[in-house]
Amino acid sequence: MLEVLDLKKAYRSPDGEEQVVLDIPRFALGAKEQVALMGTSGSGKTTLLNVIAGILRPDSGKVLFEGEDLAALSESARDKHRARNVGYVFQTFNLLQGYTALDNVLLGMMFGPGADRAFAKELLDELGLGDRLKYRPSQLSVGQQQRVALARALANRPKLVLADEPTGNLDPRYAQEALELIQRLCAEHDAALLLVSHDEKVLARFERSETLEDLNAGVRA
Amino acid sequence: MIGGLAMIVGRSLRQHALSTVVTVASAALGSGLVMAVFAVSEQSKEAFSGGPVGFDAVLGARGSELQLVLNTVFHLETSPGNLPWEKYVAMKEDRRVERAIPYAVGDNLEGFRIVGTTAELFEDAERFRLVGDSRLFDPERREALLGSTVARELGLRIGSRVHPSHGLEHNEHHDHDEEYVIVGVFEPSNSPNDRVVWIPIEGIFRMGGHVLRGSGEHYEAKPGEEIEDEHKEVSAVLLKFRGGNRTGQTFSNQINLEEKDATLAWPIGKSMAELFNKLGWVNRILEVVAYLVVAVAAGSILASLYNTMNERRREFAILRALGARRRTVFSAIVVEAGTIAALGAALGFAVYYGILLAAAAVVQRQTGVVLEAGAWHPALALTPAGMLAMGVLAGCLPAYKAYATDVAANLVPTS
């Protein structure tokens with residue numbers, strides 16, 4: 001479903017030097033597959049997810065999503081692709097503060113196939129937030145906020161869920177529970193999962209795991 | 001997509017409620033002021049120069065046509081002087097004149113102007129409708145008729161007795177000895193006539209201390225003695241012509257070009273229109289001030305939205321990460337600015353009506369002329385449209401800032 005080929009991405013540092021962040025010869029992810037990607041802080045995990053999500057365009061290489069090269073698409077087409085095919089769970093959840101839990105989920109749907117209020121409620125209910133639909137993020141616990149973020153990521157029935165350090169802000173006791181929830185829901189909703197983390201304990205829960213240092217052949221060299 | 005835009009805009013307006021209220025209020029003020037300036041000036045011009053007064057011209061002493069019209073039709077200003085009675089008689093007997101009504105002024109009743117005239121004036125039933133048991137005055141007696149405003153404000157009714165004062169401003173030390181009985185009150189006519197006390201013209205001639213100079217010599221009327229026509233004077237004669245404009249033009253040429261002691265204000269509306277044209281620069285200044293207020297309102301929309309852009313960068317980044325296009329984010333800000341402007345324009349009608357009603361009340365109190373608050377003016381459509389356009393334009397700069405938000409950089413933290 002997803003294949004990354006000869007991907008290169010570099011940033012220019014404040015002192016003008018070019019810093020190569022990603023140099024990945026090949027990385028692939030099958031439909032409904034769940035992969036954990038390990039990497040130290042600053043190793044380019046978020047940048048890779050942003051490139052796969054179509055938020056960033058690679059300097060070179062291909063990001064093939066069901067055979068279509070995202071790198072060749074216009075920004076608007078990548079936005080459309082992201083809205084329809086990708087769910088994103090952020091470490092800090094990135095919920096919109098002025099919106100209720102339900103509105104956070106609905107808003108994500110509006111940029112995709114359209115708002116489906118019944119499905120949004122069903123998702124939140126499934127995540128145990130049926131009685132918190134009208135709560136704003138500031139009125140929810142950290143765990144509840146993360147579940148809203150997960151509901152939002154799954155709301156457009158995406159083929160791929162990207163999770164960026166989803167347990168990074170959680171109490172260790174709850175982190176395992178949250179991880180299990182993410183994996184279970186992605187499986188139930190037929191979505192592939194690419195989860196990045198620097199926490200080695202996360203590895204144990206995945207059949208397949210990679211380290212960014214291994215993938216990043218060019219940077220390592 | 002539209003639902004998403006509406007949700008983003010509605011949420012932002014609520015989240016920034018205070019600045020929303022302030023900017024909406026400033027837009028309302030700007031919009032209302034522009035509409036009021038245009039509408040009030042236009043309606044004033046219409047009311048003072050376009051309204052039918054029942055006469056075609058005013059004949060008065062040599063002087064300003066405008067002063068003559070203001071004094072005779074609007075009961076403002078002082079009289080430019082007097083005409084000998086024979087001028088009135090000549091007009092009355094001219095076959096080209098349908099009606100000639102003499103006016104004599106110079107007294108007041110607690111500030112309301114007293115006009116001496118003949119009962120013939122009140123034959124115009126459209127403009128002069130008596131209420132209840134009222135009747136017209138007897139020209140031989142000290143009887144008075146009241147405009148509706150005079151009766152209401154002075155609390156006078158049929159049977160009340162009053163003492164006129166000398167001059168056009170009230171001064172209790174200048175009260176005449178003569179006592180007049182109110183015999184009639186007119187229904188409101190929404191015209192300057194509502195503010196007038198009408199008495200027989202003979203009453204003016206015979207008021208104590210009044211000196212007549214119709215013959216060129218001073219003459220004071222004596223009780224019981226008939227006043228010879230040669231002594232009588234009038235302040236003005238209201239004229240209605242037969243033959244319309246052609247007759248008016250002939251009289252105008254004859255009196256204004258060939259005579260030295262009289263002026264014919266014809267047509268009546270022309271003098272007032274010329275006054276408004278001369279005062280056009282005042283309107284221009286008011287319009288400029290109103291436009292500036294609109295510009296400030298648009299500026300405040302721009303500033304209030306622009307100032308929130310930094311705090312909203314993460315919001316835009318999140319929206320983009322959820323799949324919102326750049327143009328969606330741009331549109332959200334433009335729609336937000338447009339919504340503020342539209343709300344302001346809508347509330348501007350309340351400001352407009354407030355100003356118009358206040359202006360109309362002042363104008364009516366001062367002159368008796370009624371401005372029509374519901375009258376249509378193109379500014380009532382163009383101003384809200386302009387306000388909306390200015391608001392949308394003002395939203396473009398902050399919208400561009402939102403449009404240019406770096407998504408990845410604002411989806412903090414990065415690892």
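The second largest pocket of this predicted model is lined by 20 residues. Nearest its centre lie Val40(B), Ser41(B), Ser44(B), Phe276(B) and Asn283(B). A pocket is an open set of points on a 1 Å grid over the protein atoms alone, where a 1.4 Å probe fits, with protein on both sides within 12 Å along at least five of seven lines; lining residues have an atom within 4 Å of a point. Helices H2 (17-50), H8 (268-278), H9 (280-321) and H10 (326-367) of chain B each give two or more residues to this lining. Helices are DSSP runs (H or I, at least four residues), numbered from the N terminus. H2(B) provides the largest share, seven residues. The lining has 16 nonpolar, four polar and no charged residues.

Residues are numbered from 1 along each chain as its sequence is written, and chains are lettered from A in the order in which they are written. In this predicted model, local features need pLDDT of at least 70, side-chain atom pairs count only at pLDDT 80 or more, and totals for chains, interfaces and linings use all residues, while side-chain values use heavy atoms, without hydrogens and water.

Between the chains, 33 residues of chain A are in contact (heavy atoms within 4.5 Å) with 27 residues of chain B. Four salt bridges are counted between chain A and chain B. A salt bridge places a side-chain nitrogen of Lys or Arg within 4 Å of a carboxyl oxygen of Asp or Glu. Arg11(B) pairs in this way with Asp103(A), with the closest N and O atoms 2.4 Å apart.

Definitions and conventions
Ala, Val, Leu, Ile, Met, Phe, Trp, Tyr, Cys and Pro count as nonpolar, Asp, Glu, Lys and Arg as charged, and the others, Gly among them, as polar.
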